[in-house]
Structure formats: C-alpha cells, structure tokens
Amino acid sequence: MIPRLFSSCLLTPGQLAPSQPDMDVVGAFNPGAVATAEGVVLLIRVAETPRQIRPGLVGLPRWDLAAGAIVIDWLPEQELVVIDARVVKIRETGLLRLTSTSHLRVVRSTNPRQLDSSHQTILRPSLPWETYGIEDPRITPIEGRYYITYVAVSPHGAATALASTLDFCTFQFHGLIFCPENKDVVLFPERIGGRYYALHRPTTAHDFCRPEIWLASSPDLLHWGKHQPLLGSTASWDRGRIGAGTPPIRTDGGWLVLYHGNDRAEGDAGIGSYGAGKLMLDLDQPWQIRSSGEQILAPELAYECEGFVPNVVFPTGIIRQEGSLLIYAGAADSYTCVVELELADLLLSGSSPASAQSVPGPGAAAPHPC
C-alpha cells in the first residue's frame, strides 16, 4: 500500500439538492476529474432513490426521456429478488432493475483539495440507451477538447457512450462506442502510432473467466477495434473483478493507470471490498505491461467503509501536481473523496512484469495491433 499524503471527503449526498422533489440523493460519487485553466472540474455521478415509501411495494426509478424527468415503477416486494443494495431481479421475467438512477453534475473548484458545490450543471439522461441512468464518467483531454466516457444503462444493458465539451457548459454527445455489456472505458490522452487507444471491460454472460481489462484502438475515437485482453486478476485483492479506473497519464516509467479490484471470491456472501491497483504500460506499445498487480489503496477511512455499499474506494479521476498525484474516487458508493500520493512512491513501487501473466498478454501479438 502506498502511504497517503492527504485524504479528504469532498462531497456527500446531503450537500446536493435532488433533481426533482420526489427523489432523495443517496450518492455523489465516482467522479471524472480534469484540471483546466480556471481550476479543477469534477463530473460527479449523482444517484437518487424515490422519497416516498409504499408498504409492500418497491419503487424502481427510470427516466421518461421525453419529459426529462424520473418516473417510478412500483412493484410488489414478493415479485422481486434482491440481488444486492443496487439491483433487484423481477421473478417473472428474470430481468434486472436498478434500485436507484443516476445523472451527472459538473462541480468546479479553484482548490483541487476542496469543492464548491454551490453551482452545478446537471446532465440528465436523454438518449434511448440511458433510460435507467448515466454513471461513472471519466474525462480525458485530447487535442484541445475534453472527452467524456460514461456508462449508459437501459433495458438493453450497460454500455459505454462518449461525449465531449470545450467548457463543461455545453456538450456534444457522440453516441455509444462500446455496446453492452461494457464499462470502465478510459481513453489515452494522445495518439500512439497514429491511433487512439482505450482500456475497457467487457462482461460476458458466461463465466469462462472473471472480468478483465481489455485494450482497443480507433482511428477517430468513435469506431473501435483490434480488441485484445490486457489484464486479468492478479491477486486476492482483485480476484472478484477488475476494471480500469483513471485515464492513463504519461510518466517516465510508462503509461500509469490506476485500476479497481474487488476481492469477492466464489461463494462469498455480499459484494466484497473494492480497492485500487497500479498498472504500468509501455509508452509506445501500450499492449505491453511493464508492471501490475500491486494494491496501492484499500478502504480504511470511515467514509470509505460505511455507506450505500461499504468498503469501496473506486478511483475514476487523476490530476498531476508537482511531485504528487491527486486521485479522485468514489467512496462506499456514497461520497466523493480525494487521495494524494507521492508520484515517486508510485513509480518506484510495483511488482514484476511476471505478475501480469494471468491473461495471455497482447505482447504476444503482432508488433503493432493496427
């Protein structure tokens, strides 16, 4: 584990007003983050549940896209199976629904260690593949524009969509770039060998393996191919699932990516604990893993251990400071927090490349995957 220089809970659900009067904010977490000339911009996932309680019924929210508002489907408790705090299954159909729905809010600050949540721009679901909400944004500046990958959830599944902006006031939506089921998509900040690259996490219906981080490339950020597995589980702390966390940043040692891992083993009850690990990729050949597998963060503070889903630290944003990194993360699926780590500590620590052999490496592929 890397020693923390600084830790703080930046935002709680109680600091945000609901998007409409009949909803309660239950989560303000998993923020995308980027440094701009005017200060830090966070794009925060805000989760809401119905305020009303009806005995014997469960309220399942979804978006009426035409009205731009949340509507509630009330179903009898006996018709549902509770999967966990986030998800229920409808007994008759076997299909899943979320117990909350999420939208995104822009929060700005001139101090990267402290937020001013008084002024917010709200991004509501508006497209057919966003009926159940939009979640977990990541922000990558590329060639003078900010690109945002986010999870779009609907009856079709959880997919990844792309938006972009120059100012976080107006946005251009580019549509889906990874079809269901695919989450945790992060973009590299520059072209490599003339192509754009992304890390992503496809999830299959058949468990031939645990979820893995994959690599893909694109000529235009919209059309993705050359998919190949990059990294699977490396240790007990990420044996349940892994996925990319923060967008890659260029360092002298390679592309530095923080990823999340879950320690839930087969047969374990509950959701398990989420922590963060470090992945180093070759600067010119990002399918080559230089090191992986070391856990650098684990839930240890009260706001990371107690919340809607306890024991979660889930990195989604990263900003480089002089000699250190500010890592923005979701805590316990409830809060937005920031952790500062010494960059030198991250670059010096790590496991050997041999620890990344749990997935057949793309390093065995052709010299260039284009």
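Mentor: Start at Cys9, which is partly exposed, with a relative accessible area of 27% (buried is under 20%, exposed over 50%, partly exposed in between; 1.4 Å probe, protein chains only). The model is predicted: local features need pLDDT of at least 70, side-chain atom pairs count only at pLDDT 80 or more, and totals for chains, interfaces and linings use all residues. Residues are numbered from 1 along each chain as its sequence is written, and side-chain values use heavy atoms, with hydrogens and water left out.

Does Cys9 have a sulfur partner, or none? None: the closest cysteine sulfur, in Cys337, is 6.9 Å away, too far for a bond. A disulfide needs two cysteine sulfur atoms within 2.5 Å, and the count here is zero. Cys169 is partly exposed too, at 49% relative accessibility.

Now the sheet. Four strands form an open sheet in the order S1-S26-S25-S24, paired antiparallel. Strands are DSSP runs (E, at least two residues), numbered from the N terminus; two of them pair if DSSP finds at least two bridges between them. Strand S1 (4-11) and strand S24 (313-320) are the edges, each pairing on one side only. From one strand to the next the twist averages 25 degrees (axes are lines fitted to C-alpha atoms, with angles from 0 to 180 degrees between N-to-C directions). S24 is joined to antiparallel S25 (residues 324-331) by seven bridges. Phe314 has Gly330 in S25 as its bridge partner.

Next, Thr101 in strand S9 (residues 101-109). Thr101 is buried, at 1% relative accessibility. Its side chain makes a polar contact of 2.8 Å with that of Trp63 (N or O atoms within 3.5 Å; within protein, one must be able to donate a hydrogen and the other to accept it, and residues adjacent in sequence count only if both atoms are side-chain atoms). The Thr101 side chain also reaches the backbone oxygen of Tyr132 at 2.9 Å. Beyond four places in sequence, Thr101 is in contact (heavy atoms within 4.5 Å) with residues including Val46, Glu48, Pro61 and Ile70.

Last, the aromatics. There are eight aromatic pairs (ring centres within 6.5 Å, using the six-membered ring of Trp; planes under 30 degrees apart are stacked, over 60 edge-to-face, the rest tilted). Phe188 and Trp255 pair edge-to-face, 5.4 Å centre to centre, with 85 degrees between the planes. They sit 67 residues apart: Phe188 in the loop between S15 and S16, Trp255 in S21. Phe188 is buried at 1%, and Trp255 is buried at 0%.
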